[in-house]
Amino acid sequence: MTEMNVTAGNSGPDVRSDCRAALQLIDSGGIDLRIESKVGSLYGSRIETLACAMLEHFGIEHAVLYIEDSGALDFTLAARIEAAVRQLQPEAKPWLPDLIAENRYASSRNRMRFSRLYIPGNSPKMMINAGIYGSHAIILDLEDSVAPVRKDEARILVRNALRQVDFYGAERMVRINQLPRGLDDLEELVPHNIHLVLLPKCESAEQIRQANDKIAAVKQKHGIESDIFLMPIIESALGVINAYQIAGAENVVAVALGLEDYCADLGVKRTTESRESLFAKSTLVNACAAAGVQAIDSVFSDFQDKAGLQETVRQAKSLGFQGIGCIHPAQVPVVNELFAPSADEIAKAKKVVLCFEEAERKGLGVVALGSKMIDPPVVTRSQQTIDHALAAGVLTADWRNAHA
């Protein structure tokens, strides 16, 4: 008898909404399916049906498959079984669950990105309800949050989540691994309605070109026409120096700052006051403004320090950042509230926009509000404030009538 043992997934007393699949190929005897499930009385037959269908799909006729289930949903069960199979059959045709109707929406280049909630790419229990917290984007993370030996199976799980988990309209983002490994992530994930790809540790426009070339090739292969945007993450001194060429590269809609690695590169400690990173922050904001893309600040690591988060967001907004990463759902409402335009900002923006529109109706070449002339950049900034207020729900669509 020839035996080969491979495993994928997680098990243990503290594991929820996950499973471990252990696969052993044998020479004869058919399929020996062994299921140990906390919900076996309710869903045991469903797990068995899925497992048998998958083994048939992969052409496996003789094997022992052991599944230790902790309440995993079908997309997770399928991912764990496929991850085990592909350790033995690397070129196996993927088993793709249906792309649910709720996941067929598109994104846009200039959509609001105040908050982005990071979800570890190998933790299905955190994916299931990620969309209910109101973040503008969900980031399924394949980089820092996934152990090196688990990255291949995490990629399959993220793929299935993109097809099966309802993110309630949040922008669908994936942080891939650092290039060149991240190119394998793109090969697997691009066909499943990714809206935006985060490129970690980006230091040059050449890395963005590599990602764009790979995305274009996969899109052509699968007949995909929808846009896939890029958000490079600058995390080094060299990346900061090259911020403008990075921000201006093709398909880039935002640039994020990663301060943990940046500070390590400088050899300094990261502080709440951020004096050590002020140069990097200002440089990145300036580069993004010049390139016409969004500047996104680094995550705030202490999710229990609400006051520290509030101060960080206020500082980020004052510097010109248009969003920040969140590592915990509790951070999302704080970030959304503080990045949204204030009542005073909205009132000033209304006056500028209405004044400009009135001047246009009268055919005036010069626009003045009171004793002050209104320059075009002021009008543009005021219109952006109105747009953000509308998107954030703090201003109604009939605001002109309400103002009158």
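A residue is termed buried when its relative accessible area is under 20%. The views below are drawn from a predicted model.

**View 1. Strand 10 is covered on both of its faces.** Within strand 10 (residues 254-257), A254 and A256 lie on one side, while V255 and L257 lie on the other, and all four are buried. In a regular strand, side chains alternate between the two faces of the sheet.

**View 2. Strand 10 pairs with strand 9 and with strand 11.** Strand 9 (residues 229-234) runs parallel to strand 10, with two bridges between them. I233 has A256 of strand 10 as its bridge partner. The pairing of strand 10 with strand 11 (residues 294-296) is likewise parallel and comprises three bridges. Here A256 stands opposite I296 of strand 11.

**View 3. The largest nonpolar core comprises 93 residues.** L23, L140, V174 and V197 have the most contacts inside this core. Its greatest contribution, eight residues, comes from helix 2 (residues 74-88). Beyond its neighbours within four places in sequence, L140 is in contact with residues including I119, M127, V158, L162 and F167. A second, separate core of 14 residues includes L198, I233, A254 and V299.

**View 4. F114 and F339 form the one aromatic pair of the structure.** The rings are stacked, at 5.8 Å centre to centre and with 25 degrees between the planes. F114 belongs to the loop between helix 2 and strand 5 (115-120) and F339 to helix 12 (residues 331-339), so the pair ties together parts that are 225 residues apart in sequence. F114 counts as buried at 3% relative accessibility, and F339 is buried with a relative accessible area of 4%.

Note on methods:
Residues numbered from 1 in each chain as written. Predicted model: local features only at pLDDT ≥ 70, side-chain atom pairs only at ≥ 80, totals over all residues. Heavy atoms only, no water. Core = buried A, V, L, I, M, F, W, Y, C linked by side-chain atoms within 4.5 Å. Buried < 20%, exposed > 50% of the residue type's maximum accessible area, 1.4 Å probe, protein only. Contact = heavy atoms within 4.5 Å. Phe/Tyr/Trp six-rings, centres within 6.5 Å; stacked < 30°, edge-to-face > 60°. Pairing = 2+ DSSP bridges.
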